[in-house]
Amino acid sequence: MAPTRFSRVGFIGLGAMGKHMAEQLALKLPEDSQVFVFDVERPPIDELVSKYPGKVVACTSPRQVAQNTEYILSMVPEGRHVASVYLDSSNGVTATNVHGCVLIDCSTIDIATSLKIKKHVADNFPSASFYDAPVSGGVLGAAKGTISFFLGCAENDPMAESLNNLLSFMGKQIIYCGQPSLGLAAKLCNNYLSGLIAIASSESLNMGIRAGLDPRVLSNVFAAGTAQNTICDKFNPCPGIVPDAPSSKEYEGGFKVQLMRKDISLAIDLASNVDATLQLGLQGLKIYEAASNDPKCFDKDSRVVFRYIGGDEKWAEKLER
């Protein structure tokens with residue numbers, strides 16, 4: 001089978017993650033390929049079109065994206081947004097003929113909405129394919145092209161090779177989770193654990209600082225011991241430990257606290273639906289809800305829970321005295 005050239009690829013949703021993912025496509029797709037983009041906000045569209053003239057093409061709706069492309073990716077905040085992107089009767093992707101198209105949703109949403117869209121596509125466009133493919137790796141990973149994809153299909157899926165080739169332009173790892181919706185289930189499990197680790201890391205760092213420890217030393221202790229985790233290694237909640245981490249940039253960028261609240265809530269719903277017992281989930285959700293409602297934390301990276309619990313962001317000044 002000849003390799004797919006991906007001459008016309010669509011990308012819908014140019015937020016913190018999506019804009020970087022679309023830019024990776026603009027940078028890495030074959031020279032004669034084009035990326036057709038849409039977002040509800042105009043500035044990120046204009047930014048990419050200006051940066052990649054001729055390569056990135058602006059569209060006025062998801063429908064227009066679909067009219068010009070064979071592969072379509074979406075990356076939007078919530079299930080209602082994904083439903084609008086694909087199912088809106090006037091301007092949605094399926095408002096036009098998408099027979100033979102491959103539709104890939106990278107958003108983290110509820111499983112029911114994803115399966116509803118998949119059924120709509122299957123019922124109305126049997127030759128088209130719809131996949132859930134949420135991602136992990138954060139804004140930094142999206143900017144570097146190192147994110148991971150959790151695909152809701154098996155490795156022997158008929159489109160697996162094409163999916164792998166396309167997603168590899170934006171990420172370093174593609175994990176096949178078995179069947180439709182299991183990519184989302186895997187992502188919700190991941191974010192549930194990641195969110196709780198961020199709280200525990202923040203509490204431990206705050207406790208250590210108050211006990212007199214240099215948080216850089218304490219972070220080295222975590223890295224060398226059984227508490228080692230990616231949050232502390234790459235996204236340390238305490239400012240000044242990891243230079244590239246959002247915490248060291250006033251918690252700007254990264255994965256917004258209100259999105260973590262959303263994902264923890266979705267994970268709790270998933271646990272309820274499959275009769276899984278959670279001991280920490282409701283308390284974690286309570287913390288992210290409160291942080292999302294705190295003006296000092298709202299719209300900041302989710303590791304801002306360090307600030308929310310009263311972590312000392314000026315620790316370096318005190319050590320220098």
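Predicted model: local features only at pLDDT ≥ 70, side-chain atom pairs only at ≥ 80, totals over all residues.
Axes here are lines fitted to C-alpha atoms, for helices over the stretch in contact, and angles run from 0 to 180 degrees between N-to-C directions.

**View 1. Helices α4 and α5 cross at roughly 10 degrees.** Here you can follow α4 (residues 79–87) beside α5 (residues 111–124), their axes coming within 10 Å. Angles under 35 degrees count as roughly parallel, so α4 is roughly parallel to α5. On the α4 side, look for Gly79, Val82, Ala83, Tyr86 and Leu87; α5 contributes Thr113, Lys116, Ile117 and His120 to the contact. Sorted by class, this contact of α4 with α5 holds five nonpolar residues, three polar ones and one charged.

**View 2. Helices α8 and α12 cross at roughly 70 degrees.** The partners are α8 (residues 182–210) and α12 (residues 281–292), and their axes come within 10 Å. Because angles of 65 to 115 degrees count as roughly perpendicular, α8 is roughly perpendicular to α12. The crossing of α8 with α12 is left-handed. Tyr192, Gly195, Leu196, Ala198 and Ile199 of α8 meet Gly281, Gly284, Ile287 and Tyr288 of α12. The class count for the contact of α8 with α12 is six nonpolar, three polar and no charged residues.

**View 3. An annotated domain spans residues 183–294.** The name comes from an unreviewed UniProt entry, which labels this stretch "domain: 3-hydroxyisobutyrate dehydrogenase-like NAD-binding". In the model, residues 183–294 are 64% helix and 0% strand. If you go from one end of the span to the other, the end C-alpha atoms lie 32 Å apart.

How values were computed:
Residues numbered from 1 in each chain as written. Heavy atoms only, no water. Helix = DSSP H or I, 4+ residues; strand = E, 2+ residues; numbered from the N terminus. Parallel < 35°, antiparallel > 145°, perpendicular 65-115°, else oblique. Left-handed = near helix turned anticlockwise from the far one by under 90°. Contact = heavy atoms within 4.5 Å. Nonpolar A, V, L, I, M, F, W, Y, C, P; charged D, E, K, R; others polar. UniProt positions renumbered as here; feature names shortened; annotations may be inferred.
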